[in-house]
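Here is a brief report on one structure.

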Amino acid sequence: MKTCLVVDDSRVIRKVARKIIEELEFNCVEAADGSEALEACRKQMPDAVLLDWNMPVMNGLDFVKALRREEGGDTPVVVFCTTENDMAHITEALRAGADEYVMKPFDGDIIESKFQQTGLIRAS
Amino acid sequence: MDDLISEFLTETAESLDVIDSELVRFENNPEDRAILDNIFRLLHTVKGTCGFLGLPRLEAVAHAGETLLGKFRDGELKVSPPMVTLVLQAIDQIKELLESLEATGQEPAGDDAALISRLEDAAMGKLEGAEQEAPAKPDNWDEDLGRELRPGEVSLADLEAAFQSADIDPGMEPAAAEAAPSEPVEHLGVGDFDPELGRELRPGEVSAAELEAAFQNTEAEAAVAPEQPVAVKSDFITEDMSQEEALQSAMAELKGGTEGNHGEGGPRVQQTVRVGVDVLEALMTTVSELVLTRNQLMQTVRGLEDDELKGPLQRLSAVTGELQDGVMKTRMQPIGDAWRKLPRIIRDVSTDLGKKIELVMEGQDTELDRQVLELIKDPLTHMVRNSADHGLEMPAERAAAGKSEKGTIKLSAYHEGGHIIISIADDGKGLDTQRIGEKALEKGLTTHDELERMTEAQIHRFIFAPGFSTAAKVTNLSGRGVGMDVVRTNIEQIGGVVDVSSTAGRGSHFSIKIPLTLAIVSALIVGCDEERFAIPQLAVRELVRVGAGSEHSVENLQGAQVMRLRDRLMPIIDLHNVLGVGEATQTGDDQAAFVVVLDAGGRNVGLVVDNVLDTEEIVVKPLSESLRNVQAYSGATILGDGSVIMILDPNGLAGEIISAMEEDVVIEGQSASVTELDQQTQRLLLVRAGGEEPKAVPLALVTRLEEFDLTALENTNGRRVVQYRGRLMPIVPLGADVVEREGQRQPVLVFAENHTSIGLAVDEIVDVVEERVDLQMSSDKQGVIGSAIIKGKATDVVDIAWYLDQSRAGDIQRRSSSRRRKVLLVDADAFARRMIAPLLAAAGYDVTPSGGMHEVKAIAEAGEQFDALVGDPSALDRIRKDGLWTNLPALAVTDWPEDTQAEGLTMVLPRSDRGALIAALDEVSQEEKVA
């Protein structure tokens, strides 16, 4: 079973994401901010990261940059979630090493299609 | 989904609380980027979460607020108070929506278009009253950014230059994001239609076409990045495929690892665990139990010489102590939690009233029991609001007084002993002593004389008196009918003390002292009839020794026990009576006892106990369900020696006074009927009025005892009168020899009847006695019924009715009777019996009181004969129907003579007119004899 790390400072969103992720038959790990997420990655590199942008302590952008510098940090597929209407953010995230982006609010279908696009799961 | 909603509500409420206080902080420090980022992020999260839960109204408001905040963040707008007010309004609206979401489970109907459009206008810089003029451009103005450069920032132009010259690693360019507005992306407002999605764009959404464009653009740019994302992706896929089996086999390990991740991956989340309050309460109870058992063990072992046991016990003791501390800590919360809403409140006050206020908070981390915290939250808020509203002056006023325009309210908290001290100080105008004094007079809380003798501090304390409010003008913020008295009551309920000190022109300072916890209290252990009881120390004002060799004694006043303490009468409760054990302590006799002066809701109440034993820290245990309605107890505890004792509740005991008095009356009525045919005892007031010999007046007839200054006595129409309670009251000397002595106060017995009062002047009030009145000699002297032996002395029993008639100048000649006539008094109301029986006895009748039909029947069976029946109509009616004493006149006495059927009754008389009753009785019993 593959593992997906959900990084978001909102418990509610983590809960929603966990449900979606587990329906896609992923093992779900949660982190409340970038630095927690980084620690989680150092313990066990996930296959996918569903990453929020705006978080306390370490934001999503800093996390991606840090992750990509970690050993084995280039393997996880980082799907970046945002509500930001500012295109610059998305551009910047992609530049920083995110593989995909989704707009919040996302649902099961959106995540599934993104995971398919990035090859995490096979198209059904 | 319900689960999610409730989670959302908790999370969002927390966020909003933080936003509230952070915004106020931000307003004061508009340059603090970290605060703004925090606010922005929190609001952003709220918005983001709304999307998931399908809450469009909330989302739209949050989005509009966020947009405005975004403008601050990007430096496009300058932060101004009206702007912050607007954002706070948005926060309030969100709170309101959340409330109804919580209540109904769904968003309320309607929309917030007005608010949103105002927010949007503000975001466009169109806020009315907002500062529009562009600030003068300082040296480090950056044309590209359209704002001033922040410390440590470089201008875009510099950046470009750096780009050109350096090997570009986009990941290392934090400033690039800020430079990125050069991206060709248009801002889309709410309601834009996106053809690809087939629906309107949600707030904050960007159309797919634009995103794609940006994506392409980025990928092109990103190609310069060292790691090619496309290549990585394809590698990843194949790698991933091949790894799948290995991953499968390592599943167990992975799972374990994942769980480990889960545990440690979120250290910040895991540091706090949400635990139900009931779990903590249960834990506390268990630990208390353990502490008590430990104490018991310690006490048992103390007497033994068993070293083998002592070691482990010592350890057990230490560990138990630590455990107790630990559990206490779980109940502790920083007081800052109760203060969180204050900055916002202060801000609102200052904007509403146009005052400049700075709120300084110190010692937010001071911890106290969460139960206590909950209870002081509201009083604290009220007091801070009061300080802001009434304490601090308007800026102009302050400036005129030579103070800085900005007023300061300083909140601080610290530990002291087992207490936490919270102080609320302002540098405002201080309390208006004169105004408070006037108000206290107006409310009848004090007199002019008293007021003159009071110190300022004493006068200031009137603000805590019930129903006191000095706000001349009821503002929006205070004067809602909740005054400082409520604050005081709330604080005292948890065993706290509140005090105020104030200096005119310099400000006022409130200090609150509250116990850290309510679970363990210091108690006074008292003994009563072999039993021990605990009284919370906080409620104990003082201890007074009464009885043998003490200047204090418990006295009996009209059936109520009282004690004179420093010239004040204090009601006394005898614990024996309350509990129904042992003999009640006798009045001021040889037996010594203690009176514990308790503070029961602000009043002093004395509690008579046999012994005062010890003070001890006790663990309060709640009472079991079956004992909970016993008012006298507030709980139970276990002492070190293992015995269970009850904790007395001062307020509950004070309530007992009333019921104890009622009981007393009933018991007396009964005892009178048991000793039925003997003359029952009477309470008599002994006075000296002309001559040395005492005179006796049935106490039940006396309405009040007063003392008047001789100067207050006036002459009118040849009579002595005094102004009493807004009316003229005639003063008649009790016997011709009563002298008015210059310079002394004249004791007067006040009798009230039919709305008129009469005062009988006497020389001295001697005593109150309870004796049976056996008139030995009848008297022909006017105003004297006869003589009896009272306290071993021949005493004239005063004929009050005669004096009453005298004073009314209605001189009804009364016949003195040669024969004592017998009257059966029937009234279910013990009080009524007490009122009528002495009156009849004083008029020369033998009265047999009875409370109900069974007593009446018993009396009838004993073959008793009477001259007349007196009583309440229904009881007399029953007697008539039962065929008892049918030949006797029956006089009904009732409060409602008009409504009473006179059928079968000789006469119906108003209860209030005692003279008429005597007259009627004289008449009918005489007629009866004649006939």
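## Burial and fold of chain A

Of chain A's 124 residues, 71% are buried. Buried means under 20% relative accessible area, exposed over 50%, and partly exposed in between (1.4 Å probe, protein chains only). The accessible surface of chain A is about 4100 Å², and carbon and sulfur atoms supply 43% of it. Areas follow the Shrake-Rupley method with a 1.4 Å probe; for residues, only the protein chains shown count as cover.

This is a predicted model: local features need pLDDT of at least 70, side-chain atom pairs count only at pLDDT 80 or more, and totals for chains, interfaces and linings use all residues. Residues are numbered from 1 along each chain as its sequence is written, chains are lettered from A and ligands numbered from 1 in the order in which they are written, and side-chain values use heavy atoms, leaving out hydrogens and water.

Chain A contains five helices and five strands. These are DSSP runs numbered from the N terminus: helices are H or I, at least four residues, and strands are E, at least two. Their order along the sequence is β-α-β-α-β-α-β-α-β-α.

## Nonpolar patch on chain B

Val273(B), Val275(B) and Val279(B) make up a nonpolar surface patch. Together they have about 260 Å² of accessible area. Nonpolar side chains (Val, Leu, Ile, Met, Phe, Trp, Tyr) are joined within 5 Å, like charges within 9 Å.

Val273(B) sits in the loop between helix H11 (267–270) and helix H12 (277–302) of chain B. Val273(B) counts as exposed because its relative accessibility is 63%.

Methods: Patch = residues over 30% accessible without salt bridge, like charges linked within 9 Å, V, L, I, M, F, W, Y side chains within 5 Å. Salt bridge = Lys/Arg side-chain N within 4 Å of Asp/Glu carboxyl O.
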